[in-house]
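Here are my notes on the side-chain contacts, in numbered points. Have the model open as you read.

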Amino acid sequence: MTPDQLSATIVAALNALNEAGTVRLPDGVPDTVVVERPRSKEHGDYATNVALQLGKKAGLNPREFAQLLADQLAGADGIAGVDIAGPGFLNITVEAGAQGILAAQIVSAGSTYGSSDAFASEKINLEFVSANPTGPIHLGGTRWAAVGDALGRIFSFSGAAVTREYYFNDHGAQIDRFARSLLASAKGEPTPEDGYGGQYIEDIANDVRKAQPDVLDLPEAEAQEVFRSVGVDLMFTEIKKTLHDFGVDFDVYFHENDLHESGAVAKAIQRLTELGNTYEKDGALWLASEKYGDDKDRVIIKSDGEGAYLSGDLAYYLNKRERGFDRCLIMLGADHHGYVGRLNAMCACFGDVPGVNLEILIGQMVNLLSEGAPVRMSKRSGTVITLEDLVEAIGVDAARYALARYTSDTNIDIDLGLWTRASSENPVFYVQYAHARLASILRNAADLGVISADRSLRSLLDQPGGFDPALLAHEKEGDLLRALAEFPRVVTAAAQLREPHRVARYLEDTAASFHKFYDSCRVLPMGDEEPGPIHVARLLLVEATRTVIANGLGLLGVSAPDRM
RNA sequence: GCCCCCGUAGCUCAGGGGAUAGAGCGCCGCCCUCCGGAGGCGGAAGCGUAGGUUCGAAUCCUACCGGGGGCACCA
């Protein structure tokens, strides 16, 4: 009995009441009802507020409505008891057997447990990181790498067709500054005032010289061009590798330069002009974005004839839509929040719906503290805190987990000393430890011959009488089963709300439920005890729990170790 | 001045209208004869302020106070 099944049972009961004329619901019976886990044990296994919602519509007070529904529900399959409490809550107790069967269902579903087709009709383009190829990925980009990739996994798990995309800004003034910085470094000159500093500039400049030893003998402009093209290439290769090592691979690396060279920008502008959303003023071409909610109209083509930065975004968005993406998600740092209005307005200028066809997700800043003092993270200052720094300090698993376990719309402070000194304080270890402990129990079960050496529990499911779900009747077993039953809902909510951190928090709760179960319920036979049905039942629960934790960690891109 | 995000326990944070607001860390006190004590059990301690909507608000709305970030024919 999962919450979804219980919801369906309640809906069926409501329909029966409605059809019998016992209650009259003018708006009909809803497709689903809210079923939640009450905070307090006294309120049963599950509670629903449906009587509070529908009582008034039926012309009854909520408690009367609740009583009618409770009577109807009392005889339903899998329901052990129904109580009415407070203003009209229905507190429902589920039969142990109906609940225990979930363990078998999870084991049988394996790595697919928690997946759904909730997003099956959606083709989603997920753009994140998109760091400029002028330096390593800093912490803001690292946060999006962890969160965006997790979100992509969650969408896919929920049935969506997801394309992960990286927009590569290889066009514009910052690239020139990058090239000049490399050239200056190679010549042993100081960093240009508006240039990029730091060790990586020196490293890349050296690599460019290795690739083309005579580069400094070329005329200045040609040399700079070599540093530009080779340097950007090297930088980009490095970024790709860093992300790959972080467990993040993109399906598409989109080059801004291509938009300008292919005529896509001109095409987008033409389209907007046809729609009557551009005009000329002061020698420049403007986008009439103010009428769609932007603070003011924006320049697309500057008076010097160059495309403004926005022109690339226009063409890029149109390109995504032409590739068939109904939903284009773009993840940006809080320092870009000023773009949200104009990007949404741009979307509207194309005749699309902001928030539907284009969705901008803003992630707040990540701050690093060292010895309690803030560390600046600026490419330009050279005191760059990079993805690699973070991984080196705490490892990929801890880094991904730490960045993904918070909502994106809150600032995070990470104290380097704390993370490096006390890794056991990191919640990821709590969850991974639970997985290792679960795996260890299964190893031991195999050693004792309770299950086959390959630790397969599916064979137990096929044997008649191999698994008696009613044996999982202990309070802690019920708690754990109800926690496991939540997983599909958590995944769906994480996808709908674009909040991967829900999965992490859920895993921490579930790991806690497991540790409590483990503390009160002996899984393996003790001493000379013969293995019996209770051991089989609990082993299935162990494997079900291990499956959920492994699936959840997988959604976050964090490993689920069998040993630690 | 305008815009965005945040304000929940000593600290770091969960809580997408429901009942007695949770977790980790820290603090106090307990629990190892056998499956991993990297664990479990108990205790002290909290929704920035003021209004509003609602049967019901940490959650939605408004104002104010506090913290962070942003407001280019830069990219």
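Where do Arg-482 and Asp-479 lie, and how many residues apart are they? I take that up in point 2, after a word on conventions.

1. Ground rules. This is a predicted model, where local features need pLDDT of at least 70 and side-chain atom pairs count only at pLDDT 80 or more, while totals for chains, interfaces and linings use all residues. Residues are numbered from 1 along each chain as its sequence is written, chains are lettered from A and ligands numbered from 1 in the order in which they are written, and side-chain values use heavy atoms, with hydrogens and water left out.

2. Arg-482 and Asp-479. Both are in helix α18, 3 residues apart, or about one turn of the helix.

3. Other salt bridges. The structure has 27 of them. As a reminder, side chains of opposite charge can pair when their charged atoms come close. Take Glu-165 and Arg-323, whose side chains meet at 2.7 Å, N to O. That pair links distant parts of the chain: Glu-165 is in strand β6 (residues 161-168) and Arg-323 is in the loop between α11 (309-322) and β11 (327-333), 158 residues apart. Glu-165 is buried, at 0% relative accessibility, whereas Arg-323 is partly exposed at 29%.

4. Glu-225 forms a salt bridge with Arg-228, with 2.9 Å between the closest N and O atoms. Both sit in helix α8 (residues 220-245), 3 residues apart, about one turn of the helix. Here Glu-225 is partly exposed at 38% relative accessible area, and Arg-228 is partly exposed at 24%.

5. Aromatic pairs. There are 18 in the structure. (Rings of Phe, Tyr and Trp, the last by its six-membered ring, pair if their centres lie within 6.5 Å; planes under 30 degrees apart are stacked, over 60 edge-to-face, and the rest tilted.) Phe-487 and Tyr-506 are a stacked pair, 5.6 Å centre to centre with 25° between the planes. They link distant parts of the chain, with Phe-487 in helix α18 (residues 475-497) and Tyr-506 in helix α19 (residues 501-520), 19 residues apart. Both Phe-487 and Tyr-506 are buried.

6. A pair within α19. Phe-514 and Tyr-518 form a tilted pair, at 5.8 Å centre to centre and 50° between the planes. Being 4 residues apart in helix α19, they are separated by about one helical turn. Phe-514 is buried, at 0% relative accessible area, but Tyr-518 is partly exposed, at 33%.

7. Ring cluster and charges over rings. Ring pairs link Phe-128, Tyr-166, Phe-168, Phe-236, Phe-250 and Tyr-253 into a cluster. Lys-240 lies over the face of Tyr-253, 4.6 Å from the ring centre. (The test is NZ of Lys or CZ of Arg within 6 Å of the ring centre and within 35 degrees of the ring normal.) Lys-281 lies over the face of Trp-286, at 4.6 Å from the ring centre.

Notes:
Helices (H or I, at least four residues) and strands (E, at least two) are DSSP runs, numbered from the N terminus. Buried means under 20% relative accessible area, exposed over 50%, partly exposed in between (1.4 Å probe, protein chains only). A salt bridge is a side-chain nitrogen of Lys or Arg within 4 Å of a carboxyl oxygen of Asp or Glu.
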